[in-house]
Amino acid sequence: MTEMTDDLSTPLGQKTERQKRRFRLPFTAMQALAVLLGLFLVAFLTVALFTDNPFGGEPVARIALRKPAADEKLPGAASGHPEQAAKSQQAPGGDSKTVTIIDGSSGKRQDVVISSDAADKTRAELAPAMAMAGIDQRLLEKSRYGMIPVVADGLKPFTVYAADADRTKAAKMPVVAIVVGGLGVGAAKTADAIMKLPPAVTLAFTPYGADPAKLAERARAQRHEILLQVPMEPFDYPDNDPGPQTLLTTLTPEQNIDRLYWHLSRFQGYAGIANFMGARFTATDAVMQPIIREAAKRGLGYLDDGSSPRSAALSLTAAQSMPFAKADFTIDAVPTSAEIDRTLVKLETLAKERGLAVGVASALPISIERLAAWIKTLDSRGIMLVPLTTAMLKSKSG
């Protein structure tokens, strides 16, 4: 209709332009799809016939396996039980995983045990741990995780790494020992505890954190005595998880000792160990006993943080003649100035009644502030602040 209108409106003697014809492909969509499928089939046959791949394209994972040095000691071997060592080698503790590798051509299956990243990281950090200042190299023994403390030449880590104190004076007057724990995780709060509290305050480090060895070394440089906190299973585990390599009641003694070695290797220079959580573990005699026996054999003391009234640590350490102390109060269980001051008065009263008292605290800013202020008043109250090892020795002699 439009074209007819244009023809009628066009002046006579003039021609209209012809409508252009649409472009058309020389083949249909179905023909193009058939050609593409044909090319794909030719490419597949070429790869299958001329490529030398016995796995037929099956995914392949390459894993670096580390062969242990001949002189590395396994937990069982170190404790004088070769059969236990063999079991530990077959089923190492920690977060090791078993990977099954399947040969794509033969179908043969092979199980390979791979150590955890944490263990590898610990090996990498072995060199700085060995380089810590003030460490007696005679009191170190090589383990598969790194260097761990040991008794040598009649020397024990408990006595060599104990902070200086006037023990004669401490024997004649009431003493208080303060242990600030949870250090190593959080460089700022750890630095505050190291610098703002006097050297007679004992500092306890967890095995975690980016560089616990460096912070522990700094604490020792400020003449603080240090402890290693070993994560142990609480009653509400795993909802409340202390961290990697936690000692568990469900593991064998060999597996728990293997985990203990991992913790012991994190840094050096500590006079003893302490539980980190662990209400269930410390109350279970069967799993606690091997740990206490191993720590005593290595010349360490033991601090029970007092969080579990059912802890078996007192009787187990006594059986090993191991230096021991149990915290009487958690100073900042309620982290307010009023409650902390009230607990410090209780600690002071107990020290005067019994001759010594032990308090534990975390490194909260309010805790460090109130402790620092309270410690300055102790001399005027006839109480001596001592490192934990001095309190342990006084308790043992009394």
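Helices (at least four residues) and strands (at least two) are DSSP runs, numbered from the N terminus. On that basis the protein chain has 17 helices and 13 strands. The model is predicted. Of the chain's 398 residues, 42% count as buried.

**Chain as a whole**

- The accessible surface of the protein chain is about 22,100 Å², and carbon and sulfur atoms account for 56% of that area.
- Taking contacts between residues at least 6 apart in sequence, 69% join residues at least 24 apart.

**Nonpolar cores**

- In soluble globular proteins, nonpolar side chains tend to be buried together.
- The largest nonpolar core here has 70 residues, and within this core Ile 178 and Val 180 touch the most other members.
- Helix α13 (residues 285-297) supplies the largest share of this core, with six residues.
- Beyond its neighbours within four places in sequence, Ile 178 is in contact with Val 201, Thr 202, Ile 331, Leu 347, Gly 359, Leu 371, Trp 374, Leu 385 and Val 386.
- There is also a second, separate core of 20 residues, and Val 175, Leu 227, Leu 303 and Ala 325 are among its members.

**Ala 351 in helix α15**

- Ala 351 belongs to helix α15, which spans residues 337-354.
- Ala 351 counts as buried because its relative accessible area is 0%, and the cut-off for buried is under 20%.
- Apart from neighbours within four places in sequence, the contacts of Ala 351 are Pro 174, Val 175, Val 176, Leu 356 and Ala 357.
- Ile 383 lies 32 residues from Ala 351 along the chain, and the C-alpha atoms of the two are 7.7 Å apart.

**Aromatic pairs**

- The count of aromatic pairs is four.
- One of them joins Tyr 208 and Trp 262; this pair is tilted, with 6.4 Å from centre to centre and 45° between the planes.
- This pair links distant parts of the chain, 54 residues apart: Tyr 208 is in the loop between β6 (202-205) and α10 (212-221), and Trp 262 is in helix α11 (residues 253-264).
- Tyr 208 is buried at 14% relative accessible area, and Trp 262 is buried at 3%.
- Phe 267 and Tyr 270 form an edge-to-face pair, because their ring planes stand at 85° and the cut-off for this class is over 60 degrees; their ring centres are 5.5 Å apart.
- Phe 267 is buried, with 0% relative accessibility, and Tyr 270 is buried, with 2%.
- Phe 205, Phe 267 and Tyr 270 make up one aromatic cluster.

**Salt bridges**

- Side chains of opposite charge can pair when their charged atoms come close.
- The structure has 14 salt bridges.
- In the bridge between Arg 298 and Glu 294, the closest N and O atoms are 3.0 Å apart.
- Both of these residues are buried: Arg 298 has 1% relative accessibility, and Glu 294 has a relative accessible area of 4%.
- Arg 370 and Asp 341 also meet in a salt bridge, at 3.0 Å from N to O.
- Arg 370 is in helix α16 (residues 365-375) and Asp 341 is in helix α15, so this bridge ties together parts that are 29 residues apart in sequence.
- Arg 370 is partly exposed at 22% relative accessible area, and Asp 341 is partly exposed at 27% relative accessibility.
- The side chains of Glu 348 and Arg 381 form a salt bridge of 2.6 Å, N to O.
- That pair links distant parts of the chain, 33 residues apart, with Glu 348 in helix α15 and Arg 381 in the loop between α16 and β13 (384-386).
- Glu 348 is buried at 9% relative accessibility, whereas Arg 381 is partly exposed at 34%.
- Salt bridges with shared partners join Glu 141, Glu 294, Lys 297 and Arg 298 into one network.

**Surface patch**

- Phe 40, Leu 41, Phe 44 and Leu 45 form a nonpolar patch on the surface, and together they have about 460 Å² of accessible area.
- Phe 44 is part of helix α2 (residues 29-50).
- Phe 44 counts as exposed because its relative accessibility is 53%, and the cut-off for exposed is over 50%.

How values were computed. Residues numbered from 1 in each chain as written. Predicted model: local features only at pLDDT ≥ 70, side-chain atom pairs only at ≥ 80, totals over all residues. Heavy atoms only, no water. Buried < 20%, exposed > 50% of the residue type's maximum accessible area, 1.4 Å probe, protein only. Contact = heavy atoms within 4.5 Å. Patch = residues over 30% accessible without salt bridge, like charges linked within 9 Å, V, L, I, M, F, W, Y side chains within 5 Å. Areas by Shrake-Rupley, 256 points an atom, 1.4 Å probe, with all protein chains shown as cover. Salt bridge = Lys/Arg side-chain N within 4 Å of Asp/Glu carboxyl O. Phe/Tyr/Trp six-rings, centres within 6.5 Å; stacked < 30°, edge-to-face > 60°. Core = buried A, V, L, I, M, F, W, Y, C linked by side-chain atoms within 4.5 Å.
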